[in-house]
Amino acid sequence: MTQTVPEQAIVTPAHGGSTESKREWRKYISFSTDHKVIGIQYLVTSFIFYLIGGFLATLVRTELATPASDLVSPDLYNGLFTVHATVMIFLWIVPAATGAFGNYLIPLLIGARDMAFPKLNAVAFWMIPPGGILLMSSFFFGAPGSGWTSYPPLSLVDNQVGEAIWILSVLILGTSSILGGVNFIVTILKMRAPGMGLNQMPLFCWAMLAASCLILVSTPVLAGALILLSFDLIVGTSFFNPTGGGDPIVYQHMFWFYSHPAVYIMILPVFGLISEILPVHSRKPIFGYKAIAYSSFAISFLGLIVWAHHMFTSGTPPWLRMFFMINTMIIAVPTGIKVFSWLATIWGGKLRLNSAMLFAMGFISMFVIGGISGVMVASVPFDIHVHDTYFIVAHLHYVLFGGSVFGLYAGIYHWFPKMSGRMINEKLGKAHFILTLIGFNICFLPMHKLGLEGMNRRIADYDPKFAVLNVVSTIGAYILAVSTFPFIFNVLYSIFKGEKAPSNPWGGLTFEWQTTSPPPHENFAVDPVLLIAPYEYGTEEAKEIIKAGPFLATAAAEG
Amino acid sequence: MQSSIDSTSVVNYPAEVAHGSGHHAHPDHRILGVIVFLIAEAMIFLGLFTAYLTFRAVSPVWPPAGTPELELLLPGVNTIILISSSFVIHNADVAVKKNDVKGLQLWFAITAAMGAIFLVGQLYEYFHLEFGLKTNLFASTFYVLTGFHGLHVLFGLVLILGVLWRSRQPNHYSETSHFGVEAAEIYWHFVDVVWIVLFILLYLLK
Ligand SMILES: [Cu+2]
């Protein structure tokens with residue numbers, strides 16, 4: 001690459017004057033159509049809900065510190081774990097993984113100025129706060145207590161007002177997610193910079209494309225199930241009510257047709273984040289670009305035909321159980337391809353062990369544990385033993401916390417300089433990582449054993465023989481709760497007092513590092529053109545480009 | 001360490017080489033957006049149809065004993081009206097692509113009238129059926145499926161009327177700019193196809 005880069009000059013940041021920056025914060029509570037503002041709106045909103053969901057979890061763990069049901073009433077306990085799960089899924093991980101990072105990163109990564117439909121994007125975001133507030137309001141009417149799965153007939157008889165609120169809230173949040181998905185698909189397919197074919201896209205875009213397809217195909221089926229459930233609940237029809245000739249199993253099928261893929265909606269974007277973060281901080285090209293890219297789609301496709309593994313104990317016929325068991329186990333193959341590609345990427349690299357990288361590596365190790373216990377529960381005989389026990393609770397938290405949440409933290413640390421224009425404090429970041437890793441494992445590792453020994457989930461009291469491990473687990477939960485303090489303090493401190501971030505603090509090759517931190521309105525001073533594949537770290541060409549500064553150039557600039 | 005890899009500068013090529021600096025006209029991807037959104041819509045209906053077929057498959061008798069017979073004449077006529085309206089609305093698309101706004105208005109008005117007749121016919125049927133929403137499982141699925149589809153027809157009708165309203169402005173729709181017309185047409189075809197499946201499932205295969 002012998003291209004001469006024109007003389008560089010510093011661009012005045014988009015928000016220069018102090019009076020202007022005083023008004024700056026207001027755009028974050030406005031109906032902004034800027035994808036970067038919307039991305040940050042998603043991130044902050046969903047993180048607030050994460051804190052609420054975490055508070056509910058802390059109450060649950062405090063109740064479970066003793067075998068007796070003594071802290072809250074069993075009815076409220078049911079509400080606590082139901083709303084905890086709903087908040088964590090629909091108001092934290094889904095909006096943070098797809099809404100926050102999808103919106104913030106996709107246009108920057110593909111060199112576009114905004115999303116394809118900026119207004120639709122803002123509409124999708126502004127459905128989240130009302131949906132979330134509605135859900136929290138259910139505590140005033142008797143919170144929904146039938147679990148986030150809301151299986152009928154239980155959900156039809158227990159706290160009906162709370163249940164109706166739950167349905168409405170999930171319908172609103174699901175619609176928001178579908179609108180977001182439409183936007184991501186069209187943006188990724190149509191708005192890439194010149195020179196960027198699908199196979200030159202950063203891997204996060206591949207992951208978001210696969211996740212958006214899942215959102216589009218599966219979320220509507222959940223909406224269909226919830227519409228029928230609300231008729232049963234409010235009007236008194238009996239689609240799912242056996243006393244009126246209905247069939248509750250149909251609900252389970254429709255519910256899991258969404259909710260298994262929902263796991264991939266929550267993890268695929270995070271896989272994408274990890275694929276971006278690892279090569280930058282390993283200073284090596286990504287290993288197996290195409291394998292990682294295409295395996296996202298393999299996961300999406302397989303993810304749509306495994307749902308009944310949640311229903312092995314629901315009277316599913318044996319031949320059908322075989323089908324779903326084998327499909328489920330096959331998903332380990334594309335997932336394993338990703339994990340091995342990541343390991344090969346960091347193998348022999350010049351690792352930079354900063355907070356982003358630590359969380360990314362924590363992600364790989366914790367997610368693999370969740371993946372392995374996933375293969376265990378995929379097998380029918382094992383699943384029948386641990387169904388509805390704490391083994392499942394352990395498994396899903398290793399996937400969704402050890403996986404998704406660790407990955408989201410990695411993403412926040414990695415892109416914090418870009419989003420805020422300030423560097424984040426690494427010492428506090430590392431303290432946050434260590435506390436999270438320790439607290440997480442103390443909290444959830446013992447649950448495997450509790451489940452294998454037969455402790456049921458979703459019940460406020462339990463056999464005293466489980467007492468010791470439950471105390472351990474509760475202590476872990478408290479450590480986790482404490483672990484968020486250094487993080488929150490770090491973010492607030494760094495936003496105002498952190499060292500000013502350069503445009504490319506990590507020496508990244510993707511487009512977002514080739515513009516200011518934070519990027520100006522419409523992202524790029526000139527339309528970027530792709531000159532080098534995104535992950536060519538360590539090559540001579542890349543070194544030259546990073547040294548020279550931005551590698552964006554128009555064809556005209558060359559001449 | 002940071003300064004060695006940091007590019008202290010930002011992209012800032014002179015304006016004359018930077019084509020497209022300043023505000024950038026976004027290319028129009030709205031039709032693709034409509035189509036992608038309709039995939040989601042189709043999945044809702046697919047989910048509901050599958051639920052219906054499952055109810056039908058697991059029930060010993062279908063429709064459950066004692067379900068009154070469905071009258072076929074009115075819904076049959078309604079079906080013909082809705083299907084023909086898809087051909088009518090296509091003429092509007094042809095017209096606008098020839099810059100013929102009068103033609104667009106005419107064909108859209110006819111489509112709107114046909115859609116309205118369909119909805120009135122469906123309401124008439126609801127009021128004259130011998131079973132209610134809660135009579136049995138067949139009755140419930142019948143009302144929820146046709147009602148949900150009816151809401152979509154209503155929404156399509158609103159889209160068509162919206163296009164008609166906007167077409168009063170001169171030059172709002174032309175051979176080069178007619179997103180609203182195309183979107184309404186695609187949506188209308190979609191609603192039509194869903195009805196054909198529904199009609200077969202609920203009236204013919206019952
Ligand atoms: Cu699953």
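About 130 Å³ of space lies in the largest cavity. A cavity here is a set of points on a 1 Å grid over the protein atoms alone where a 1.4 Å probe fits but cannot get out, and lining residues have an atom within 4 Å of a point. Grid points are joined across faces, edges and corners, and the volume is the space filled by probe spheres set on them.

Some ground rules. This is a predicted model, with local features needing pLDDT of at least 70 and side-chain atom pairs counting only at pLDDT 80 or more, while totals for chains, interfaces and linings use all residues. Residues are numbered from 1 along each chain as its sequence is written, chains are lettered from A and ligands numbered from 1 in written order, and side-chain values use heavy atoms, without hydrogens and water.

Back to the cavity. Its lining has 17 residues, and A:Val94, A:Pro95, A:Thr98, A:Ser176 and A:Ser177 lie nearest the centre. Helices α3 (74-110) and α7 of chain A each supply at least two lining residues; helices are DSSP runs of H or I, at least four residues, numbered from the N terminus. The lining has nine nonpolar, eight polar and no charged residues. Nonpolar means Ala, Val, Leu, Ile, Met, Phe, Trp, Tyr, Cys and Pro, charged means Asp, Glu, Lys and Arg, and the others, Gly among them, are polar.

Next, α7 (residues 160-190) and α8 (residues 203-235) of chain A: their axes come within 8 Å and cross at roughly 155°. Axes are lines fitted to C-alpha atoms over the stretch in contact, with angles from 0 to 180 degrees between N-to-C directions. The two helices are therefore roughly antiparallel, a term for angles over 145 degrees. The contact of α7(A) with α8(A) has 24 nonpolar, seven polar and one charged residues.

Now the metal. Which protein atoms are donors of the copper ion? They are A:His260 (ND1), A:His309 (NE2) and A:His310 (NE2), at 1.8 to 2.0 Å. Donors are N, O and S atoms within 2.8 Å of the metal (3.2 Å for Na, K and Ca), and sites may look incomplete, since water is not among the atoms. A:His260 lies in α9 (residues 248-282) of chain A and A:His310 in the loop between α10 (289-303) and α11 (318-330), so the pair ties together parts 50 residues apart in sequence.

Last, backbone geometry. The peptide bond from A:Pro152 to A:Pro153 is cis, with omega near 5°. Another cis bond joins A:Ser517 and A:Pro518, with omega about -10°. A:Asn523 has a positive phi near 75°.

Note on methods
Angles under 35 degrees count as roughly parallel, over 145 as roughly antiparallel, 65 to 115 as roughly perpendicular and the rest as oblique. On a 1 Å grid over the protein atoms alone, a cavity is a set of points where a 1.4 Å probe fits but cannot get out, and a pocket is an open set with protein on both sides within 12 Å along at least five of seven lines; lining residues have an atom within 4 Å of a point.
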